[in-house]
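Let's take a friendly walk through a protein model. Have a look at the sequence and the 3D view first, and then we will visit some places in turn.

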Amino acid sequence: MDLLQIAVVLGLLLLLAIPFGRYLSLAFSWEKTGLDKAFGGVEGVLYKIAGIKMQEMTWKQYALALVGSNLVMFFIGYLILRFQGVLPLNSSGIEGMDPLLAFNTVASFLTNTNLQHYSGETGLSYLSQMMVIMFLMFTTPASGIATVMAVIRGLTGQKHLGNFYVDLIRAHTRILIPLSVVVGLLLVSQGVPQTIEPTAVATTLQGEEQQITRGLVAALESIKHLGTNGGGYFGVNSSHPFENPTPLSNVIEILSMFLIPASLPFAFGYMARNKKQGLMIFAAMFIIFLAMLTTVYVSESNGNPALTQIGLSQADGSMEGKEVRFGIAQSALFTAVTTAATTGTVNNMHDTLTPIGGMVPLTEMMLNNIFGGDGVGMMNILMYAILAVFICGLMVGRTPEYLGRKIESNEMKMIAIAILIHPLIILAPSAIALATEWGTSSISNPGYHGISQVVYEFSSSAANNGSGFEGLADNTPFWNISTGLVMLFGRYFSMILMLAVSGSLLKKQLVPETIGTFRTDNTLFMGVLIGIVLIVGALTFLPVLALGPVAEWLTLR
Amino acid sequence: MLKNLRVSLLLLIICGLIYPLAMTGIAQAIMPYKADGSLIVDKDGTVIGSELIGQKFTEPGYFIGRVSSIEYNAAGSGSNNYAPSNPAMIERTEIDLQAFLAANPDIKQEDVPADLMTNSASGLDPHLSPKAAKVQVPRIAKERNMDPNVLYQLVDKHIEGRSLGLFGEPRVNVLKLNMALDQLQ
């Protein structure tokens with residue numbers, strides 16, 4: 001039954017992703033499409049209010065618009081959090097947020113990370129949940145989708161890169177808002193609350209008082225997954241019965257967060273006018289994903305040997321930190337998907353995963369290109385695709401080409417920087433944290449697992465994932481500042497560098513395809529891509545994985 | 001920069017205000033019970049709890065739910081996040097296991113299901129596996145002076161199957177089961 005339900009969910013994903021990829025390629029097309037009839041009217045009004053014109057941008061203008069608009073959003077969010085205590089819609093009387101925590105929170109939601117150093121129940125007013133969290137949950141994935149569309153336009157040789165503001169608005173009107181409404185209502189039908197009523201007070205069967213926090217959960221829950229955001233309404237995220245009440249809501253949430261990252265390779269194929277280009281990239285990511293999923297599923301099913309030793313049957317798998325309604329299959333699947341799509345929502349506590357099970361989310365965030373978040377994940381795998389082409393070119397002694405354009409030293413420098421930033425901002429701050437009292441004083445689990453907790457926190461920040469080994473006491477100045485900066489570097493450097501690569505390729509002459517051209521639309525390329533991703537990842541991160549999860553596993557067996 | 005401000009404010013109004021409030025309106029209009037949190041209210045209008053949120057049960061005459069480090073206080077949520085190698089988790093489980101065996105002398109150690117002895121993710125898990133409910137029947141039958149077979153049937157009647165017969169795990173809602181238990185007498 002376990003394997004069947006996992007297979008059905010992944011089958012449904014494929015069924016949705018291919019047509020949705022086609023839809024994405026049309027939704028952002030500058031040619032007239034049928035969609036203009038449906039959305040053009042509303043969009044026209046929005047363009048007028050915001051002063052947007054359909055003008056093409058250079059890569060520099062595009063990057064400037066991305067950074068500029070995000071900067072404004074940062075300040076709006078920061079001010080609301082600081083002053084939520086005196087602003088309206090604060091029925092639970094929550095105070096303004098501390099400056100460093102507010103910096104970390106806004107950086108986190110602006111970068112699509114949604115690392116949460118506060119707890120939703122006690123740290124945010126209803127107004128903040130709406131006008132900071134939900135607002136940024138829409139605009140950041142929209143920024144990511146817009147940017148990847150510009151990058152793809154450049155790589156596939158469209159006329160120009162497009163216009164950031166037009167793409168940003170379209171990502172809202174054509175993708176995120178309509179889907180969020182539908183998914184949100186489906187979730188309410190499963191029992192997710194959507195109310196502005198304050199906390200309910202119950203008298204339990206045993207006659208005690210129980211406070212039940214509720215709120216505008218469904219509206220947040222839908223965009224949290226569709227936008228690969230991942231920040232929960234409640235502290236325990238999608239393991240809370242109000243965020244994820246049934247196995248069906250679990251499946252809806254998995255499909256929601258996987259839909260856009262899984263569709264983008266197909267959209268890329270359509271825009272490259274060669275569907276196989278997208279299919280091979282999808283297949284490479286999907287094969288690595290399946291290996292990860294299998295690892296976490298088997299490891300969790302086998303249970304915790306330490307509990308077997310004290311005589312607790314582990315026949316049902318490792319249930320510490322998991323919910324009965326999900327069991328092992330739906331928990332393992334959720335874990336593999338949330339760190340592949342770098343959403344960071346969790347339906348079980350990753351800190352409690354068995355050592356090898358917990359290594360899976362950690363590894364997926366370290367690779368950071370197995371689907372990845374809305375837009376940015378696709379950019380990351382494209383970086384690796386170009387690297388793969390480059391390495392193959394070196395091996396046969398030819399100037400490498402990607403989609404008919406020469407990859408030269410200028411592009412490779414930027415790609416190399418973009419690829420190297422990710423391990424740098426994970427390993428360097430992890431080393432600092434582990435070497436100083438600032439970091440080690442926050443560790444809650446003794447032994448090798450403590451190393452995993454620290455590395456997980458920075459991997460999650462750098463990959464803009466946002467899940468955590470949540471035992472870590474992370475609301476301290478050190479963690480708020482360090483992870484805040486890592487999240488910002490992790491997001492904007494690679495986006496800007498990829499825009500630059502794309503802008504530079506767009507200007508180049510098309511090279512005619514010959515018999516000697518290295519093809520990127522066949523299974524050979526798929527294999528090379530998988531190899532490059534795994535080799536680069538393993539060379540960088542195996543030592544630290546050996547110190548954390550592998551060492552813990554060896555001591556526990 | 002002015003354009004950035006205009007775009008941001010426009011999106012702030014749409015995504016941060018119109019969207020959540022419209023969603024509240026629609027959800028409240030078509031599914032008010034669920035949108036308010038599936039609250040169970042008795043004849044006098046007192047709220048007993050939520051169908052979806054677990055409650056703390058300690059009395060031996062009730063089915064007892066999973067371990068919760070926050071004692072089912074739904075003003076917050078969470079767990080201790082114990083790593084599988086954490087000695088504190090192993091010690092807690094050992095103590096709980098021995099206490100359970102002492103309170104349920106008819107049960108053999110290897111028949112205790114893992115979900116009963118482990119902390120849920122949310123600390124608010126409303127469910128038990130059917131096995132974990134049934135393993136408590138002999139104790140409750142003795143405590144309430146009831147025929148165990150009646151209780152086994154009651155548990156069977158409260159088993160919720162997999163969603164669409166496929167997704168998730170079969171389970172029993174502890175609060176609903178205990179309410180039905182009270183009504184039997």
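In which helix of chain A does E253(A) lie? E253(A) is part of helix 9, which covers residues 247-271 of chain A. Keep in mind that this is a predicted model.

Is E253(A) buried or exposed? Its relative accessibility is 0%, so E253(A) counts as buried, the cut-off for buried being under 20%. Leaving aside residues up to four places away in sequence, E253(A) touches several others, among them L187(A), H225(A), S238(A) and F334(A). The list of contacts also includes E221(A), E243(A) and N244(A). For a sense of distance, take I223(A): 30 residues separate I223(A) from E253(A) in sequence, and their C-alpha atoms are 9.9 Å apart in space.

Now for another helix of chain A. Helix 15 runs over residues 409-435. At 1.5 Å a residue, its 27 residues should span 39 Å, and the end C-alpha atoms are 38 Å apart, which agrees. Helix 15 of chain A also has a kink of about 25° at I421(A), shortly before the proline P423(A).

Next come the strands. In a regular strand the side chains alternate between the two faces of the sheet. Strand 1 and strand 2 of chain A form a hairpin with five residues between them. In the turn, G207(A) has a positive phi of about 80°.

| Strand pair | Sense | Bridges | One bridge |
|---|---|---|---|
| Strand 1 and strand 2 (residues 209-212) of chain A | antiparallel | four | A202(A) with Q210(A) |
| Strand 4 and strand 5 (residues 171-173) of chain B | antiparallel | two | E160(B) with R171(B) |

The second pair belongs to an open sheet of three strands in chain B, with the order 3-5-4 and antiparallel pairing. Strand 3 (127-128) and strand 4 (159-160) of chain B are the edge strands, each pairing on one side only. Helix 8 of chain B (residues 174-184) packs on this sheet and touches strand 3, strand 4 and strand 5 of chain B. The direction of helix 8 makes about 60° with that of strand 5 of chain B.

Finally, step back to see chain B as a whole. Chain B is divided into domain 1 (1-36) and domain 2 (38-184). The centres of these two domains of chain B, taken over C-alpha atoms, are 38 Å apart.

Methods: Residues numbered from 1 in each chain as written. Chains lettered and ligands numbered in written order. Predicted model: local features only at pLDDT ≥ 70, side-chain atom pairs only at ≥ 80, totals over all residues. Heavy atoms only, no water. Domains from an automatic or database assignment. Pairing = 2+ DSSP bridges. Contact = heavy atoms within 4.5 Å. Axes fitted to C-alpha atoms, helices over the stretch in contact; angles between N-to-C directions. Expected span 1.5 Å × (residues − 1). Bend = angle between axes of the 7 residues up to and from the residue. Buried < 20%, exposed > 50% of the residue type's maximum accessible area, 1.4 Å probe, protein only.
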